[in-house]
Amino acid sequence: MRDKTGRVLVAVAAATLLLGFVVACEKKSEGGGGAPAASGAPIVVGSTLSLSGAFAATGAIHKIAGEAFVDRLNAEGGLLGRPVRWVVRDDESDQAKVSMLYEQLISQDKVDLIIGPYATPNILSAMAVAARHKYVLPQHTAVLAPLLTYECQFPGWSIGSTPNEFVPNQLLDAVASLSTPPKRIAIVTNQNGSTDFVSYGAGDNKVGAVSITRQRGLELVLEKRYPPNFSDWASLATQVRDARPDLLINNGLGVDPVNLLQAMAQLNYKPPMMFSLFPAPGPPLGLGPKADGLMSVSIFEPNKATLDRLGAKATAVVNDFKARATTAKLPYTVFETQAAASWNAWEILVAGVKGAGKIDHQAICDSLHSNGADTTFSGHLAFDASKHNFWPPTQTIKQIQNGDWVTVWPKDRAAGELRGPAA
Amino acid sequence: MSTIQAALSGILLGGLYALMAAGLSVTWGVLRVINLAHFGLMLVGAYLTFELASAWHINPLWTLVVTVPAMFVLGGALQLAFDALRISELNSLLLTFGLLIIIVQSVSNIWSADFQRMTAAVNPYATESVRLGRFVFPVPTLFAFAVAILIIGCAHLVLRRTFAGRALRAYAEDRAVAGAFGVDHRRVGVLLAATSGGSAAVAGMLFSLGSSLTPATAYEWFGTVFAVVILGGVGHLLGTLSAGLLVGLLSGVVSVVLSPATAPFVLFSLIVLALLLRPRGLFAARTAR
């Protein structure tokens with residue numbers, strides 16, 4: 001009996017040692033077995049982010065994504081064999097501070113490279129400084145192509161050169177594929193500059209969701225605009241209910257769809273289908289079944305089918321982000337559109353520098369125009385200066401299904417089926 | 001039909017506006033303190049409600065047991081500080097704006113700048129309503145309306161019928177004479193500011209029942225709440241209640257008849273008119289402090 005126990009103990013000890021050896025070997029290979037360690041003076045990348053103020057909630061996502069990217073880049077041998085250091089300053093969501101800080105980063109701190117801030121108005125401010133100094137500016141999220149005229153700004157998120165046409169057409173194409181497509185459409189629009197143009201067009205191009213709905217022969221049963229700080233959701237909900245749309249298009253942002261869904265639920269009403277343009281992704285999920293079926297746009301959702309298609313690196317990035325976001329106590333820790341756009345921007349920067357083989361902004365800009373950039377989440381991006389570098393959109397339609405966002409359109413990139421009102 | 005429903009919903013929402021404005025109005029009118037930190041107290045009240053309900057699964061209504069005493073103490077403490085600093089009416093605006101910024105940033109640091117809202121599991125009221133015939137009354141704003149009537153009505157009676165209330169009104173009319181008649185202005189001032197702080201906690205809780213929270217929400221309240229204070233007449237509680245209901249009603253009806261985008265235009269045009277025609281407020285002459 002004693003011999004048998006001894007043998008078991010020896011076997012357990014041997015197995016433990018073997019396991020320890022295997023883990024140690026794996027850690028060693030992760031730690032730099034593949035790539036040579038970065039050495040020499042660091043390449044400094046400067047940027048601002050809105051870490052306080054109105055844009056801080058999303059700014060935090062870009063900070064975590066950027067830190068994760070730089071850590072990974074350095075672990076893989078850095079850039080041009082040198083380590084990369086990211087200097088990020090808080091622009092307090094203030095456009096004036098963005099200009100001042102980028103000027104400071106370039107003129108005084110003499111950073112080697114820059115990357116964009118968060119939110120369209122801030123990106124426009126940074127772009128003016130970048131253009132003045134002829135610095136390449138990869139940027140995360142500005143999609144208003146007509147305004148982004150600097151030939152060396154490179155977007156990490158693209159809805160094409162006419163987003164006001166692309167978004168409504170993509171949505172209406174998606175719902176037209178249903179067995180009973182919606183015929184009666186209601187459009188309610190936040191007058192914010194990031195959303196209004198999708199309903200009514202921008203500049204000379206007045207095409208938008210409203211005109212496209214009519215062009216397609218659909219019945220526009222309600223069309224209302226509301227101001228950015230709107231609070232009287234009950235009155236808007238009443239009008240939507242009484243208009244009886246088959247599809248409610250809410251070209252809004254933040255928690256607009258949550259407020260609207262909630263106000264409609266108070267009226268014991270839910271539209272058969274609903275779309276919202278740029279919602280904060282977490283809050284609608286908190287509504288539970290009342291938000292099920294809500295559609296929106298996305299450039300990436302970490303659905304299993306999508307991750308399986310993209311491979312192990314994408315999964316590792318997504319998991320790393322989730323861990324970091326959880327530590328940072330973000331309310332919504334999923335790596336999705338904003339984080340993917342951030343990742344794209346960093347990959348564009350790295351691709352440009354590698355293509356140029358040196359820190360020379362004109363060479364980096366030329367390399368990106370000639371060779372494009374390979375990205376983990378949006379594939380190969382080709383930049384056409386005549387289209388302000390806005391690459392062919394990879395944007396998709398996502399839908400809340402059983403409490404989770406699922407990519408549903410177009411079919412070749414969908415992780416699930418688009419569900420109609422009867423589902 | 002839409003218009004009547006929107007009018008009813010607007011009136012209920014107006015109750016919340018009135019409750020938010022009441023504390024600000026009365027401290028401004030009586031103590032001559034334009035307390036922008038009041039918006040901060042409402043914000044903290046709303047976030048504490050969110051935290052207690054989400055983390056401890058306490059019914060949001062019961063969170064008042066914690067938040068009202070907390071904001072009561074904070075409101076009173078602020079008034080003690082204002083007294084000690086002997087700040088003027090204008091300086092109070094600047095000082096409390098600074099305080100508001102500090103409060104908003106602290107809230108950002110604690111709860112992040114992201115949107116926060118109580119889930120349906122802890123806050124069933126968010127999507128509930130009471131149906132009366134063809135009309136629907138959303139529960140969060142129905143609560144707000146009822147509580148506003150109750151609190152503002154009681155406060156009005158206290159100001160009219162109690163010694164402390166009369167002392168406060170005397171103090172508001174003439175500080176020197178009230179002091180000569182034995183009114184301890186510091187004590188009644190602190191009591192009033194503390195009560196105003198308590199009302200901010202209630203307003204914050206009621207707001208969080210039906211809305212998402214971000215730290216910047218405090219700034220979004222400015223326009224509507226000041227509109228209610230000015231239209232109601234600074235320091236006039238029943239005027240504030242009437243103005244709140246009027247603003248809610250107007251906002252709802254204009255949203256339906258014209259457009260939600262037109263509502264702020266109509267509302268603030270009315271304020272400009274009110275200031276031109278009745279500088280003391282639309283309801284000031286008909287109600288006593």
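Predicted model: local features only at pLDDT ≥ 70, side-chain atom pairs only at ≥ 80, totals over all residues.
Residues are numbered from 1 along each chain as its sequence is written, and chains are lettered from A and ligands numbered from 1 in the order in which they are written.

**View 1. The side of chain B that touches chain A.** In this view, 36 residues of chain B are in contact with 37 residues of chain A, two residues being in contact if their C-beta atoms, placed from the backbone, lie within 7 Å. On chain B, at least two residues of this side are supplied by each of α1 (2-31), α4 (89-111), β2 (135-138), α11 (237-257) and α12 (263-277); helices (H or I, at least four residues) and strands (E, at least two) are DSSP runs, numbered from the N terminus. The largest share, six residues, comes from α1(B). Sorted by class, the side of chain B that touches chain A holds 15 nonpolar, 18 polar and three charged residues, where Ala, Val, Leu, Ile, Met, Phe, Trp, Tyr, Cys and Pro count as nonpolar, Asp, Glu, Lys and Arg as charged, and the others, Gly among them, as polar.

**View 2. The crossing of α11(B) and α12(B).** Two packed helices are described by the angle between their axes and the distance between the axes. Here the axes of α11(B) and α12(B) come within 9 Å and cross at roughly 140 degrees, the axes being lines fitted to C-alpha atoms, for helices over the stretch in contact, with angles that run from 0 to 180 degrees between N-to-C directions. That makes α11(B) oblique to α12(B) (angles under 35 degrees count as roughly parallel, over 145 as roughly antiparallel, 65 to 115 as roughly perpendicular and the rest as oblique). The crossing of these two helices is right-handed; a crossing is left-handed if the near helix is turned anticlockwise from the far one by less than a right angle, and right-handed if clockwise. From α11(B) the contact is made by B:V247, B:L250, B:S251, B:V254 and B:S255, and from α12(B) by B:A263, B:V266 and B:L267. Of the residues in this contact, six are nonpolar, two are polar and none is charged.

**View 3. The surroundings of A:L236.** A:L236 is placed in helix α8 (residues 233-243) of chain A, and with 27 C-beta neighbours inside 10 Å it counts as buried. A residue is buried if 20 or more other C-beta atoms lie within 10 Å of its own, exposed if 12 or fewer, and partly exposed in between, with C-beta atoms placed from the backbone. Leaving aside residues up to four places away in sequence, A:L236 touches A:V188, A:K224, A:Y226, A:L260 and A:A263, and also B:S255 and B:P260 of chain B.

**View 4. An open sheet of three strands in chain A.** The strands follow the order β2-β1-β3 with parallel pairing, two strands being paired if DSSP finds at least two bridges between them. The edge strands are β2 (84-90) and β3 (113-114) of chain A, each of which pairs on one side only. Seven bridges join β1(A) to β2(A), with A:I43 having A:V84 as its bridge partner in β2(A). Two bridges join β1 (residues 43-49) of chain A to β3(A), where A:V45 stands opposite A:L113. Strand β1(A) is mostly covered, six of its seven residues being buried.

**View 5. The hairpin of β1(B) and β2(B).** Strand β1 (residues 129-132) of chain B pairs with β2(B) in the antiparallel sense over four bridges, and B:L132 stands opposite B:F135. Two residues lie between the strands, and B:G133 in the turn has a positive phi of about 65 degrees.

**View 6. Backbone details at A:K110, A:K134 and A:P410.** Most residues other than glycine have a negative phi, and most peptide bonds are trans. A:K110, in the loop between α3 (95-108) and β3 of chain A, has a positive phi of about 50 degrees although it is not a glycine; with 9 C-beta neighbours inside 10 Å, A:K110 counts as exposed. A:K134, in the loop between α4 (120-133) and β4 (137-139) of chain A, has a positive phi of about 60 degrees and is partly exposed, with 13 other C-beta atoms within 10 Å. A cis peptide bond, with omega about 0 degrees, joins A:W409 and A:P410, and A:P410 lies in the segment after β14 (404-409) of chain A.
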